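This report describes salt bridges, pockets, a surface patch and selected residue positions in one protein model. Please read it alongside the sequence and the structure shown here.

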Amino acid sequence: MTPEGEGVLIAWDNDHIRGEAVRKGVYCLSIQITLKQSNNSFVLTTVYGPTNNNDKHAFLAELIGCQPGSRPWLCLGDFNLIYEAQDKNNNNINRAHMRRFRQALDASELMEIKLQNRKYTWSNGRRNPTLVKLDRVFCNREWDEILPSAGLLALSSSLSDHFPLFLCNQQQPHRKVSFKFETFWTRVPDFPQVVQNAWNEPVRGNNPLMILHNRLQNTARALKRWSKSLFSEARLQMQMANEVILLLDIAQESRPLSEAESDLHRHLKQLLLGWAAIE
């Protein structure tokens, strides 16, 4: 927890990632990550930089202290700093902080993984917004060598004033989605009838285990169809709203939004709350 009451969080899927050797600071949280599929290991540091100018020197000193030597290192988060004037859409820039940030990056031997589809990552949401690139992803040379195909994209700002960043392996093959039972299905009134109808369908099989297997398959397929039809409209509306929000986010990087566009931007963010509850 930072002095400003904000915090950072690292979460992972135990089926694919092993996390260990957690190191906590005031502004930084580090952990040793191992990707089980490839057995690649690296240090992941998530940061939340202070907004108070008086605390930025301590933050940068802590950031430099997180350097894990020659081990692969990925460092990301909301730095609340910029190191180039082009990272902000107005001239209200603290050049001393910019210089210190560049010096800290050099001392840490970090290089930026460039954002591919956006110039900025934060907006104050006003009619003529201030836009800043506050959220970044950095890595050292050792990390870049083991994961050279990583790419960084910004997603729709959705309900936040920050734009989520998506770091992914751009050469990763598509993996078929397996069946997953959603616990909230049981609270939907139609659920028992869907299960009963699917379970009672005639199935082939010469022994009880094969019959059970086929009944479970029928039930899983029926639940997937039911869930898709039940929630597809809300998902589609959310996807469309997020896409429009993203287009408006991008548009305001180069021009002020019109009154109608600003109203639409605000309205879509409000609607997302309701659709997210359905989702």
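K133 forms a salt bridge with E112, and the closest N and O atoms of the pair are 3.1 Å apart. A salt bridge here is a side-chain nitrogen of Lys or Arg within 4 Å of a carboxyl oxygen of Asp or Glu. K133 lies in the loop between β7 (131-132) and β8, whereas E112 lies in strand β5 (residues 111-112), so the pair ties together parts that are 21 residues apart in sequence. Helices (H or I, at least four residues) and strands (E, at least two) are DSSP runs, numbered from the N terminus.

The structure is a predicted model: local features need pLDDT of at least 70, side-chain atom pairs count only at pLDDT 80 or more, and totals for chains, interfaces and linings use all residues. Residues are numbered from 1 along each chain as its sequence is written, and side-chain values use heavy atoms, with hydrogens and water left out.

**Salt bridges**

Side chains of opposite charge can pair when their charged atoms come close. The structure holds 10 salt bridges, including the three in the table.

| Salt bridge | Closest N to O distance |
|---|---|
| K133 and E112 | 3.1 Å |
| E112 and R136 | 3.0 Å |

A network of salt bridges links D87, E112, K114, K133 and R136.

K133 counts as buried because its relative accessibility is 8%. E112 is likewise buried, at 15%, and R136 is buried with a relative accessible area of 1%.

**Pockets**

Rolling a probe the size of a water molecule over the atoms shows where empty space is left. On a 1 Å grid over the protein atoms alone, a pocket is an open set of points where a 1.4 Å probe fits, with protein on both sides within 12 Å along at least five of seven lines; lining residues have an atom within 4 Å of a point. Grid points are joined across faces, edges and corners, and a volume is the space filled by probe spheres set on the points.

The largest pocket holds about 1700 Å³ of space. It is lined by 47 residues, and those closest to its centre are I17, L35, F42, L167 and C168. At least two lining residues come from each of β2 (28-35), β3 (40-48), β4 (73-78), β8 (135-139), β9 (150-154) and β10 (165-169). Strand β3 supplies the largest share of this lining, 6 residues. By class, the lining has 27 nonpolar, 12 polar and 8 charged residues. In this classification, Ala, Val, Leu, Ile, Met, Phe, Trp, Tyr, Cys and Pro count as nonpolar, Asp, Glu, Lys and Arg as charged, and the others, Gly among them, as polar.

The second largest pocket holds about 420 Å³ of space. Its lining comprises 15 residues, of which K56, N80, K88, N92 and L134 lie nearest its centre. This lining has 7 nonpolar, 6 polar and 2 charged residues.

**Nonpolar surface patch**

W199, L209, L212 and L216 make a nonpolar surface patch of about 410 Å². Such a patch is made of residues with over 30% relative accessible area and no salt bridge, with nonpolar side chains (Val, Leu, Ile, Met, Phe, Trp, Tyr) joined within 5 Å. Accessible areas come from the Shrake-Rupley method with a 1.4 Å probe. Helix α5 (residues 208-251) gives the most to the patch, with 3 residues. L212 is found in this helix and counts as partly exposed at 40% relative accessibility.

**Selected positions along the chain**

L257 is placed in the loop between α5 and α6 (259-278) and counts as buried at 4% relative accessibility. L257 and R126 are 131 residues apart in sequence and 9.8 Å apart in space, C-alpha to C-alpha.

G69 lies in the loop between α1 (56-65) and β4 and is partly exposed, with a relative accessible area of 44%. Between G69 and E109 there are 40 residues of sequence separation and a C-alpha to C-alpha distance of 9.8 Å.

H97 lies in helix α2 (residues 95-108) and is buried at 14% relative accessibility. H97 and Q252 are 155 residues apart in sequence and 26 Å apart in space, C-alpha to C-alpha.

Key
Patches are made of residues with over 30% relative accessible area and no salt bridge: like charges are joined within 9 Å, nonpolar side chains (Val, Leu, Ile, Met, Phe, Trp, Tyr) within 5 Å. Buried means under 20% relative accessible area, exposed over 50%, partly exposed in between (1.4 Å probe, protein chains only).
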